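Let's look at the labels attached to this model and ask what stands behind each of them.

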Amino acid sequence: VRFDYYDLFGDTINPHGAFIYNPFEKTIFKMIYGRAFRAPNAFELYYNDGSVSQKPNPDLELETIDSYEAVYEQYLGKHYRGTVVVFYNSIQDLISLKTDPTDGLLVFDNVDDVRAKGVEVEMEGKWHGGHEGRISYTMQEAENEETGRPIENSPKHRIKLNLIGALLREKVFFGIEE
């Protein structure tokens, strides 16, 4: 459990927990829950360009997220691990930039409650000397809870590739992630 206190927002309590079951030497199942928050930053609270196009909103609230995950991990031989994750996230009071209809100015506000659900599949390899590689694919749906419409700038599909190579055995590395 994490406790935070902010002069502007008061206190927030954020629990985290997991149930982990290891039925076989190389098989792991996890059920994970966590709550987190994001406090608005100074730009979101106070930016003002003289009311030319944007105004401040010192009344912004914390953004919170409840996250649920079911994880299956399988180690394959000495060097490989596969993972499948099913997830559901519920975000309350998402901070977004919007246009105030009363004056036409942009302003940050707690405008949306969002839910995102999906699945991620990953394969990872680690070899002697510090060389590593990982590739993953995520499919998710993120939508506004009130309207049911998809969230803008939230990808439905994502592929990631990460490679790490050792220049000096287990001392100096280079990496790339795409």
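Q: How do you know that β4 and β5 pair, and in which sense do they run?
A: Strands here are DSSP runs of E with at least two residues, helices are runs of H or I with at least four residues, and both are numbered from the N terminus. Two strands pair if DSSP finds at least two bridges between them. β4 and β5 have twelve bridges in the antiparallel sense, so they count as paired. Within this pairing, G34 stands opposite S67 in β5.

Q: What kind of model is this, and what are the ground rules?
A: This is a predicted model, in which local features need pLDDT of at least 70 and side-chain atom pairs count only at pLDDT 80 or more, while totals for chains, interfaces and linings use all residues. Residues are numbered from 1 along each chain as its sequence is written, and side-chain values use heavy atoms, with hydrogens and water left out.

Q: What makes β3 and β4 a pair?
A: Seven bridges join strand β3 (residues 16-24) to strand β4 (residues 27-38), and the two run antiparallel. A hairpin joins them through two residues. Among the facing residues, F24 stands opposite T27 in β4, and A18 has I32 as its bridge partner in β4.

Q: Why is β3 called hardly covered?
A: Buried means under 20% relative accessible area, exposed means over 50%, and partly exposed lies in between (1.4 Å probe, protein chains only). Of the nine residues in β3, the count that are buried is zero, so the strand is described as hardly covered.

Q: Why is E73 called buried?
A: E73 lies in strand β5 (residues 63-76). Its relative accessibility is 8%, which is under the cut-off for buried, so the label applies.

Q: What does E73 touch?
A: Contact means heavy atoms within 4.5 Å. Leaving aside neighbours within four places in sequence, E73 is in contact with K26, T27, I28, K30, R81, G82 and T83.

Q: What makes the link between E73 and K30 a polar contact?
A: A polar contact is a pair of N or O atoms within 3.5 Å; within protein, one must be able to donate a hydrogen and the other to accept it, and residues adjacent in sequence count only if both atoms are side-chain atoms. The side chains of E73 and K30 are joined at 2.9 Å, so the distance is within the limit.

Q: Why does Q74 count as buried, and which side chains does it meet?
A: Q74 is also placed in β5, and its 18% relative accessibility is under the buried cut-off, so it counts as buried. Its side chain makes polar contacts with the side chains of T27, at 2.7 Å, and Y72, at 2.9 Å. Not counting residues up to four places away in sequence, Q74 touches K26, T27, Y80, R81 and G82.

Q: How do you know that β6 pairs with both β5 and β7?
A: β5 and β6 are joined by 13 bridges, and β6 and strand β7 (residues 106-126) by 18 bridges. Both counts meet the requirement for pairing, so β6 pairs with each of them, antiparallel in both cases. In these pairings, D66 stands opposite S90 in β6, and N89 stands opposite A116 in β7.

Q: Why is S136 called buried?
A: S136, found in strand β8 (residues 132-144), has a relative accessible area of 8%, so it is buried.
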